[in-house]
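Morning, everyone. Please look at the slide with me. I will go from the whole chain down to single residues.

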Amino acid sequence: MTLTLQRNAQAVAKALVLLAGASTLSLATALSASAQDAPAAGATSEVGEIAVTGTRIRGVAPTGSTLIEVGQEQIANTGIATTADVLRTTPQVTFLGAGEDYSGGSPFQGATLVIDFSKAINLRGIGRGATLNMINGHRVPYNGATMDYFDPDAIPAQMLQRVEVVADGGSAIYGADAIAGTVNYILRKPFDGAETYLTYGNADPRETKQFTQLWSEEWGSGGFVLAFQRTEQDALPASSRPNLYTDDFSAYGGSGSPVYRTILAGGTTYAIPGGRNRTTQVPLSAIGAAGTVNRLNSWTNVESLPTHVRDSLALNFTQDLGDIFHLKADSFWSERDYSIDQWGAVSTLSVPNTNPFSPCNPANSPSGPLVSLCAAGSLSVPYNFIYDLGPTTRAGYETTNYSTVSMSIDLPAEWQFNALAGKGKNRRYYNAIGRIGAIANALNSTNPANAFNPFCDGATFGSACNAASVSAFGLNTNFVTNNEMWFENYSVNLDGPVFSLPGGDVRVALGGEVQEIDYQASNSFGVSPEKHRKITSGYVEVFIPFVGEGNAMPGIQSLALDLAGRIDQYDDIDTETTNPKVGLTWSPIADVTLKASYGTSFRAPTLLNTDPTAAHGWLGSAPLGAAINSNRPGVCVGCNAPVLRAATVGGGLTTLEPETAETWSGGLEWAPESISGLRFSANYYRVKYEDKIDTPAYNVGSTAAISTGYYDGYIIYNPAFFPTLAANNPAGFFQQSLVGSSAACTAALGSPITTQAAFNQALACINTNADGPILFTGPLTSNDVIALIDGRQNNTGVTETDGIDVNVSYTWDNSLGTWRVGGSGQFSLSYKTAAVPTAPLADEVNHFGGYPLSFRGRAEFGWDGDVDGFGLSATAFVNYANEYEIRQQYLPGGVTGPLDIDAYTTVDLTFIARTQDAPDYGLVKNLSFSLSVQNAFDAEPPLVLNSGANGIHFDPSNASPLGRSFMFQIGKQW
């Protein structure tokens, strides 16, 4: 039934859009011929000047959907310096997988935005790419390596008139990406004057410094606002939060920090003593007894949060050209430089006996009970290069600019035509320095002047241990990536009333849009071909007010229906998608409004997703051993051989389809006239999100992919080991555009690979490197490769989620001033997800792993008043995230708990004082002073034994490592 409803709705939407597109020109012509019906010059239309977020029709609120507004006063009351962090206070906005707090921990966190340390809005936790970001109602270029999100910090918070959030599907209105909803950043309107802000923040020892300047002029027929902001933010040393940034889990039954400067032989450890400099020999007799060990926290001498320097410019301009023509323009430019000193390179070194510093070097006369360690000809030494090479420095910059100009023309009969053109670019540069280079040569050197000495005590003598060796052998290397995206957007919109009903005017908006996107990526290995995309779109929206002030009746004070549809055509993936939306708003009594909506939305694959050369190559797994589930029918018993492994291919896929979603919502708004200032709303939402683009077989790992049986559609089994499963093998995972006419690959293309001969031919194709390089291993052979796994981007994921948003506020006045109390929260009722359609849906609410909590909320209590000529404001916020749990699979090895994660409550305080605009204040008039304290009681994040290559003791998805932080700001209006 749902599928039939969706198809019928899409058919209706398509018909409406095609009809609208054909009639736009004739309608505009007819309206132009009706000039005698135009309102008198200078008359104020009853229709609003602009459309709000969620609709293309001017003067109409989004029908059926709830609009959340964050205005200038609310932004100021938070006492927060950056736009992204202001929005983070809204419970519907999460930063799951999308915030700079991610550093270390489980792989799902390490694979987010930590490469760039940027921020992105993630409505309802559905995914950062499922939230559409706009400025003044138009699209903007996207950011980052994945080019699928927008960093709100590009816009100074003081430049915002308000932020509008519609947490409901919006592809019928705006096109791609508006699955979870839309965030619209509305820039300040022109005014006469200027504003200056100086901000200083401290989260010991991290300091933030910010300078913001606004210039504006308003001249009646137009004006402009120009803003500049510079923000400098220090790094956060991991050593300043020792309880959070440590990979020592021994207190909970796990292992301690990684073994370091310790001889490893036959599974036994022998600690290398400290206190030796580069030239002081470590005799074999000084080596620790069997079982002794040195350990080093991987967070030693590194940073957990990066240094940021951002410069931003933003402009908003308006100019009326007579009574009919209205010119508007907006522009922004932002450059962010970042740098972080992360973990030292680690390796288990093979130190030959010929190394001049080895205790086993014959010149050092090895003797004693441990002399047997020298028999192998080399010593195995686990090592961290943090003291020799320093940390791995990840540094880069990202520059984004975008400018639009639009012209609105007032037509007769309250119609308006609008045309917009926009152009911009995003460039991202990233460099990682500090990887191990030719370490084997340095260890094999017999020259004491430049040989590498892993026995020197780096904790005491630092880089002096091996500075000569690092210089002589060039052990520092770097890896560079560079992404560029060019974006152009052109649109036309025509809206106005078509006829009147007793309830009001039936209004229509219709138009079209063309987007052109170019993308190119390069890295230290080469340059990918430039990719191009053209998107052509048409849409129509109809607002029908059945009941209004003119025909209200008992039980129906107002009733309005909104119908919208949009078609988007993508030339590069040869796809057309049609999306409808239906919204209904009903007021049974004056105080109560009921809303409901249904629609479909989509997200197109990015140009990176469809690039077969992006991150493309074959990666051999570690030996699988006996880890494969041999009890699964069809799995071979012989797969426990120690040399057996799988090979996984990565990269984009040219045949990807758009992700799709169905969205439902229904809610209530109550604003009783009898209790002035009270507002309450509750909104239910449901999202069914399918064909999500991901790399499921890669994410889950080779062992689980083979053992569970859910991923067989993405695995080519070796018939020698899996004769039963191999009979249902898919076709080869080879990109025709890459392998070309390679003779070795021709036989492996097209048909399912179900025979041993076909499997061997596939391996031969891979070994030619025609389908990408084989990384970190040699040629693949049928004797040790048990399976080939498709780790490319695929349309596989499914998510079904529903929940309730609640907002309440009450404002009242008394002799002391104005009082404010309120709260907002999101209840996640379910979040069912499956990595592939063949896997069962699992409800992940309240589970660690980047999933939403069942409740998160924020309460507010504030006061505004006037004392001795000063305008004062004080606000307290209470933030709450409920308890949840971590499953065994995410815990470090050997750790069985705790599995329960405590609830997290923090309190924020903000105090603001303003001088009044009075002449006797002189230069100090129109000053503002604000002091905010985030996490005022310094609540420690709940304990989470968060494993990974660099373990931590908290969950950055739901808690900040900063602790108590202060922000002081001085503002001046000129």
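Of the 974 residues in the protein chain, 55% are buried. Keep in mind that this is a predicted model.

How many helices and strands does the chain have? There are 14 helices and 44 strands.

Now the contacts. Take those between residues at least 6 apart in sequence. Of these, 72% join residues at least 24 apart.

Let's turn to one strand. Strand 24 covers residues 531–547. Is strand 24 mostly covered or mostly open? Mostly covered: 13 of its 17 residues are buried.

Which strands does it pair with? One partner is strand 22, residues 504–523. Strand 22 and strand 24 run antiparallel, joined by 13 bridges. Here E516 stands opposite K534 of strand 24. Another partner is strand 25, residues 558–570. That pairing is also antiparallel, over 12 bridges. In it, I544 has L561 of strand 25 as its bridge partner. A reminder about strands in general: in a regular strand, side chains alternate between the two faces of the sheet.

The charged end of R56 sits over the ring of Y539. The distance to the ring centre is 4.5 Å.

On to the aromatic rings. The count comes to 26 aromatic pairs. Take W299 and W343. Their rings are 5.4 Å apart, centre to centre. The angle between the planes is 75 degrees, and the pair is edge-to-face. Where do these two sit? W299 is in the loop between strand 13 (268–271) and strand 14 (303–305). W343 is in the loop between strand 16 (325–342) and strand 17 (346–352). The two are 44 residues apart, and the pair links distant parts of the chain. Both W299 and W343 are buried.

Next pair: Y598 and W664. This one is tilted, with 50 degrees between the planes. The centres are 5.6 Å apart. Y598 lies in strand 27 (residues 592–603) and W664 in strand 30 (residues 659–670), so the pair ties together parts that are 66 residues apart in sequence. Buried or exposed? Both Y598 and W664 are buried. W664 has a charged neighbour too: the charged end of R686 sits over its ring, 4.5 Å from the centre.

There is also an aromatic cluster. Its members are Y260, Y383, F385, Y387 and F452.

Last stop: two single residues. First, T695. It is in the loop between strand 31 (678–694) and helix 9 (696–700). Its relative accessible area is 13%, so T695 is buried: the cut-off is under 20%. What does T695 touch? Leaving out residues up to four places away in sequence, T695 touches G791, R792 and Q793.

Then A757. Its place is in helix 14, residues 756–767. Why does A757 count as exposed? Because its relative accessible area is 57%, and exposed means over 50%. The C-alpha atoms of A757 and P719 are separated by 9.3 Å. Along the chain, these two residues are 38 apart.

So, to recap with that pair of residues: T695 is buried, whereas A757 is exposed. Thanks. Over to you.

Technical notes:
Residues are numbered from 1 along each chain as its sequence is written. This is a predicted model: local features need pLDDT of at least 70, side-chain atom pairs count only at pLDDT 80 or more; totals for chains, interfaces and linings use all residues. Side-chain values use heavy atoms; hydrogens and water are left out. Helices (H or I, at least four residues) and strands (E, at least two) are DSSP runs, numbered from the N terminus. Buried means under 20% relative accessible area, exposed over 50%, partly exposed in between (1.4 Å probe, protein chains only). Contact means heavy atoms within 4.5 Å. Two strands pair if DSSP finds at least two bridges between them. Rings of Phe, Tyr and Trp (its six-membered ring) pair if their centres lie within 6.5 Å; planes under 30 degrees apart count as stacked, over 60 as edge-to-face and the rest as tilted. A charge sits over a ring if NZ of Lys or CZ of Arg is within 6 Å of the ring centre and within 35 degrees of the ring normal.
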